[in-house]
Amino acid sequence: MAVVVRRGGAQDVRFLRDMLHHAYYWKERQPDAGPGPVQLYVKAWGRPGDTAVIALLDGFPVGAAWYRLFTSEPVGYGFVDDTTPELAVAVVPNARGLGVGSALMRALLDRAKEDGYTALSLAVDRHNEGAIGLYRQFGFGQVAEAPDSLTLRLELT
């Protein structure tokens, strides 16, 4: 099975919302914490700088990666500064381990470079060793930590 990655657009907002549950499941497990900023990753999608790629297997969407620039409050979980877009990546469980995450990361990092960004950041569940390993393979390094997550940053060259 070959992974096909295409640009995302307004037609993918519903899928991006669905993918938020996979990307930030550890935040949703905390019922006392409220909704938090999870919805901010897709709310009013289509702002300048909003960029997404969608992974397809056999023509069906199985993953997404996207970034958004937060320049004012409220900000996302992996916010580092107002010039660094924050990345989110999610792959449906039955497509994990098939190279989907890597294909999404390559495509989105290429887009970020094309768009002139010099860095990307993200937040990841501190216990999600698979995702942390993927991000480290692409050169992300830890810049902060919270009780349940790590904030990672990648300098783009």
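Trainee: What makes strand β5 (residues 119-125) largely enclosed by the rest of the structure?

Mentor: Seven of the seven residues of β5 are buried, so the strand is largely enclosed by the rest of the structure. Buried means under 20% relative accessible area, exposed over 50%, and partly exposed in between (1.4 Å probe, protein chains only). Keep in mind that this is a predicted model, where local features need pLDDT of at least 70, side-chain atom pairs count only at pLDDT 80 or more, and totals for chains, interfaces and linings use all residues. Residues are numbered from 1 along each chain as its sequence is written, and side-chain values use heavy atoms, leaving out hydrogens and water.

Trainee: Which residues point each way from β5?

Mentor: Ala 119, Ser 121, Ala 123 and Asp 125 point one way, Leu 120, Leu 122 and Val 124 the other way, and all are buried.

Trainee: What is β5 joined to by seven bridges?

Mentor: Its antiparallel partner is strand β7 (residues 149-155), and Leu 120 stands opposite Leu 154 there. Two strands pair if DSSP finds at least two bridges between them; strands are DSSP runs of E, at least two residues, and helices runs of H or I, at least four, numbered from the N terminus.

Trainee: How many helices and strands are there, and why is the protein called as compact as a globular one of its length?

Mentor: There are four helices and seven strands. The radius of gyration is 14 Å, close to the 15 Å from the globule rule for 157 residues, so the protein is as compact as a globular protein of that length. That radius is taken over C-alpha atoms, and the rule is 2.2 Å times the number of residues to the power 0.38.
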